[in-house]
Amino acid sequence: MGEAAKKILVVDDEPDVNTLLVLILKTQGYAVISAADGQEALEKARAEDPDLILLDIKMPVMTGIEVLEKLNRAPVRPEVIMLSGHGETKNIVESIHLGAAEFINKPFDVKEVEIHLNAVIEKGKLRQELKSLKSELRSRNQYEQFIGDSPKMLQVRGIIEQVAPSELTVLIRGESGTGKEIVARMLHTL
């Protein structure tokens, strides 16, 4: 089953395919929007900010490959699954090279679409989780050289965290061997 929070943009110039995909995805609980050509797809992608795009390769006006190239220029690009009735190796390779997560040949089986969709959504979740874990690890590692949990050391940590995001100039004073360089590194890291 899909997640209600996931928004999917279906892009296909064949009305029957477009309608079928929209119905399949809505019954799985996704929020679905559709477009009939590449230009409309780009406009809806900007306006709607979908989590995932099902994108046909062969379309009039602008091909799916051209749409994918333009999507790659955006600061944040949703995951893309390419659709094609012409499973040419050249198209598959070019799509993957441009960052498409999956490639589905037409005619497709409903179960096949569901499998590819779930795989891409799961990869996205894992990517997001990895990003979060890396961030958490970085924040933990910034204190690895900072030893001690005494009230004074916690006070120094608190001051560092408070001052770090500001644009203030900080003077670190202390006797030789008290950890001024460690404090300076922590300030710089934060």
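Contact here means heavy atoms within 4.5 Å. Helices (H or I, at least four residues) and strands (E, at least two) are DSSP runs, numbered from the N terminus. The model is predicted, so to speak for local features pLDDT must be at least 70, side-chain atom pairs count only at pLDDT 80 or more, and totals for chains, interfaces and linings use all residues. Residues are numbered from 1 along each chain as its sequence is written, and side-chain values use heavy atoms, with hydrogens and water left out.

**Exercise 1.** Work out which residues of α7 are buried and what they pack against.

*Solution.* Start with the cut-offs: buried is under 20% relative accessible area, exposed over 50%, and partly exposed in between (1.4 Å probe, protein chains only). In α7, residues 180-189, the buried ones are V183, M186 and L187. Looking down the axis of α7, the buried residues fall within an arc of 100°, so they line one face of the helix; the arc is that of the directions from the helix axis to the C-beta atoms. Next, turn to the face away from the buried side, where E181, H188 and T189 are exposed. Finally, the packing partner of the buried residues of α7 is α6 (151-163).

**Exercise 2.** Find where N91 sits and which residues it is in contact with.

*Solution.* Then check its accessibility: N91 counts as buried because its relative accessibility is 5%. Last, leave aside neighbours within four places in sequence, and the contacts of N91 are I57, K58, I65, H86 and F103.
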